[in-house]
Amino acid sequence: MADLYRKFHVCMVRVTSESADGTLGCGAAFHIGDGWLATARHVIDHGELKELAQHDRPDGLVCDRIIYPNDEDVDLALIHTNFDLTHYMTKTTIVGYDQAWKADHIAIGGHLDDWISDDWMMLTEVLLMGYPPIPFSKRRGLVAMRGEVNAVIDMYRGPRHPHFIISPLPRGGFSGGPVLTSYGALLGIMTESLILDDAPAELGYGAAITVEPLWDLLLGNHIYPASNAAFLRELEN
């Protein structure tokens with residue numbers, strides 16, 4: 001999991017938005033190739049997008065397009081930006097790792113809804129990354145949590161797609177963050193804390209929507225980012 005973090009933390013982006021009453025909110029997004037970021041819809045559609053901060057870089061990214069699913073219950077969004085790691089990929093040397101090990105985007109898993117079952121997913125080890133607030137910290141930094149899949153559920157409300165219940169606490173700021181398998185593929189996207197009776201989010205179950213609606217969103221808009229294009233071409237055929 002430490003190697004996964006070292007490989008993919010460069011793909012992370014902190015998302016800051018401002019609501020109508022001036023409240024700032026923070027969530028996560030991640031690069032899936034060719035400048036396209038994936039995130040949770042609610043991270044950006046409840047206010048004005050103020051900043052997209054690429055990991056450890058001083059200048060904010062420029063957003064030129066945002067795409068949402070037609071189904072408002074699907075908590076996903078795509079953001080097109082000028083995200084670019086060319087210098088990192090070609091000029092940066094990481095001691096102990098060869099150049100081919102590096103990555104400038106996250107590959108989306110090929111598990112479609114019909115293939116998902118709890119018998120093969122249960123207790124799968126995962127890595128969650130995002131930007132939850134840490135008391136007394138001077139800035140919102142990237143937080144990584146190791147966890148596991150505790151359940152696979154179909155909700156009786158919201159989108160029809162399966163959700164993975166994962167063990168890391170669903171703190172605010174993780175929304176939109178990637179949930180990666182130990183093989184380095186995107187298992188799902190953190191979308192919400194499942195709670196009852198207005199309980200604190202941290203007392204709920206962390207739920208990550210699976211990747212089929214993300215594939216649908218890319219395919220429906222003819223977006224074929226980086227290595228993820230190969231599977232999209234298969235879906236087209």
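How many bridges join β5 to strand β6 (residues 77-81)? Four bridges join these two strands, which run antiparallel. The model you are looking at is predicted: local features need pLDDT of at least 70, side-chain atom pairs count only at pLDDT 80 or more, and totals for chains, interfaces and linings use all residues. Residues are numbered from 1 along each chain as its sequence is written, and side-chain values use heavy atoms, with hydrogens and water left out.

**The six-stranded sheet**

- An open sheet is formed by six strands in the order β4-β1-β2-β3-β6-β5, with antiparallel pairing; strands are DSSP runs of E with at least two residues, numbered from the N terminus, and two of them pair if DSSP finds at least two bridges between them.
- At the edges sit β4 (48-54) and β5 (63-67), each pairing on one side only.
- From one strand to the next, the twist averages 30 degrees.

**Strands β8, β9 and β10**

- Strand β8 (residues 125-130) pairs with strand β9 (residues 143-153) in the antiparallel sense over six bridges, and methionine 129 stands opposite alanine 144 in β9.
- β9 also pairs with strand β10 (residues 163-166), again antiparallel, over four bridges; here valine 149 has isoleucine 166 in β10 as its bridge partner.

- Helix α5 (residues 212-220) lies across β2 (24-33), β3 (36-39), β5 and β6, and runs at about 50 degrees to β6. Helices are DSSP runs of H or I with at least four residues; axes are lines fitted to C-alpha atoms, for helices over the stretch in contact, and angles run from 0 to 180 degrees between N-to-C directions.
- α5 packs against helix α6 (residues 229-236) at an angle of about 80 degrees, with the axes 10 Å apart. The two helices are therefore roughly perpendicular to each other, a label for angles of 65 to 115 degrees.
- Trp215, Leu218 and Leu219 of α5 make the contact (heavy atoms within 4.5 Å) with Phe231, Leu232, Leu235 and Glu236 of α6.

**Cysteines**

- The structure holds zero disulfides, a disulfide being a pair of cysteine sulfur atoms within 2.5 Å.
- The sulfur of cysteine 11 is 18 Å from the closest cysteine sulfur, in cysteine 26, so it is too far for a bond.
- Cysteine 26 is in no disulfide either, and its nearest cysteine sulfur, that of cysteine 63, is 16 Å away.

Key: Parallel < 35°, antiparallel > 145°, perpendicular 65-115°, else oblique.
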